[in-house]
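Here is a short note to read alongside the structure. Please keep the viewer open and find each spot as you go.

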Amino acid sequence: MRALEWVAASDSAAATAASATAAHATTATPSTTEGSLRLLDQRLLPGRTDYIDCTSAADVATAITDMVVRGAPAIGIAAAYGAAFAVRDAYRAHGHAWRTALTADWTLLERSRPTAVNLAWALARCKKLAESVPDDADPWPLLLAEAHAVHAEDIAANRRMGRSGAALIQAGSGVLTHCNTGSLATGGLGTALGVIRTAWADGRLSRVFADETRPWLQGARLTAWELAADGIPVELLADGAAAALMRSGAVQWAIVGADRIAANGDVANKIGTYAVALAARAHNVRFMVVAPTSTIDLETASGEQIPIEHRDAAEVLYAGGQRIAPEGTQVGAWNPVFDVTPAEWVDVLVTERGVVQQPDAASLARLFEA
Ligand code: MRU
């Protein structure tokens, strides 16, 4: 399955058929310049497999805000296509004065979700390219090619991280993961789930556990769906059961992704990750974070400065469209959708550039110098 793909206008029908059958694309789909960004609507999984075609920056921004597409690297890839659409539409409306007409679309994309830094990273990369386009050139093919490149690089990074992370896991280990970090959250195999897929294929894993990940249920709805499709047995647990699972001795590793890693190594990830890290240290379970370097934000000094998204109270007060809390204005909800795990609780960070044991400011700076 793919979270997103470029569908050329001419082969839209063929691409739909291909996306239904091809697991884990080996390359992003380069194509002609007319087409759309096709997103698998993750709000409907696992019950329904529906797609939404985006053809403008506003379409992409709405899809990100509404979580049609989610997961830090997938958000970054989608934003790169959104930036290309913004440039195309500004050029078509204003000709060579296109640069001054970009602002509204750019702002929509920038504000679509706050925590995953891959979004800002992708926009900054596209902006840098846009600034270098000669005044007499059509910028659209160049920006579209950049979006394809962002997509293809993420696929390659997933593969490298999968191999490096799996190599750290001793044969016979049980693993616990949180949220969804697989093909639905990235361009390829996934980050933490890419490590789990690779370690499973290597025969290293005895059992795979996934937190259901309240309130949006990324673990139950998405991770279990992906693993089942791959034939990897998975045992779901309520988030509150994670500490007891670790105490039972069934898992040796907790493996998670990240939405933003600050310069000092603090990790923002799906709400509940911090509790997993604390319980892991208490039970001698190793805690691995798997993230491409596009998730590392050297501009943000520590986790304290990472913007944490709060979403609608309805996500907590309802489950599957059904109210689960008493009615009435007295009952509200606190719904931060990410938390920050201080770097001291992270045993190992796996990136496409290499593995960092006990990440901190100095080791992250070295990673970028290499
Ligand atoms: O709110 P979401 O579903 O976008 O949150 C996703 C996560 O927190 C993932 O763990 C993170 O993006 C890493 S995904 C490779």
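Predicted model: local features only at pLDDT ≥ 70, side-chain atom pairs only at ≥ 80, totals over all residues.

The points below start with the ligand and its surroundings, then turn to some backbone details.

1. Let us start with where the ligand sits. Domain 1 (4-157) and domain 2 (159-369) both contribute residues to the shell around the ligand, so the ligand lies between these domains. The space that the ligand takes up is the largest cavity.

2. Next, look at who surrounds the ligand. There are 19 residues around it, and the ones that come nearest are Arg 70, Arg 113, Asp 259, Asn 269 and Lys 270. Sorted by class, the shell holds eight polar, seven nonpolar and four charged residues.

3. Now zoom in on the oxygen atoms of the ligand. Which part of Lys 270 lies 2.8 Å from one of them? It is a polar side-chain atom of Lys 270. With Ala 72, a backbone N or O atom lies 2.8 Å from an oxygen atom of the ligand. Gly 71 also takes part through its backbone, where a polar atom is 3.0 Å from a ligand oxygen. How much of the ligand does the protein bury? Taken alone, the ligand exposes 420 Å², and the protein buries 100% of that.

4. Moving on to the backbone, follow the chain to Leu 45 and Pro 46, which are joined by a cis peptide bond with omega of about 5°. You will find Pro 46 in the loop between β2 (35-40) and β3 (51-54).

5. Another cis peptide bond runs from Arg 214 to Pro 215, and its omega is near 5°. Pro 215 belongs to the loop between β5 (205-211) and α8 (218-229). Stay in this region for one more detail: Leu 217 is also placed in the loop between β5 and α8. Although Leu 217 is not a glycine, its phi is positive, at about 65°.

Methods. Residues numbered from 1 in each chain as written. Heavy atoms only, no water. Near = heavy atom within 4 Å. Polar contact = N/O pair within 3.5 Å; in protein donor to acceptor, adjacent residues only side chain to side chain. Areas by Shrake-Rupley, 256 points an atom, 1.4 Å probe, with all protein chains shown as cover. 1 Å grid on protein atoms, 1.4 Å probe; cavity = no way out; pocket = protein on both sides within 12 Å on 5 of 7 lines; lining within 4 Å. Sits in = over half its atoms within 2 Å of the grid points. Nonpolar A, V, L, I, M, F, W, Y, C, P; charged D, E, K, R; others polar. Domains from an automatic or database assignment. Helix = DSSP H or I, 4+ residues; strand = E, 2+ residues; numbered from the N terminus.
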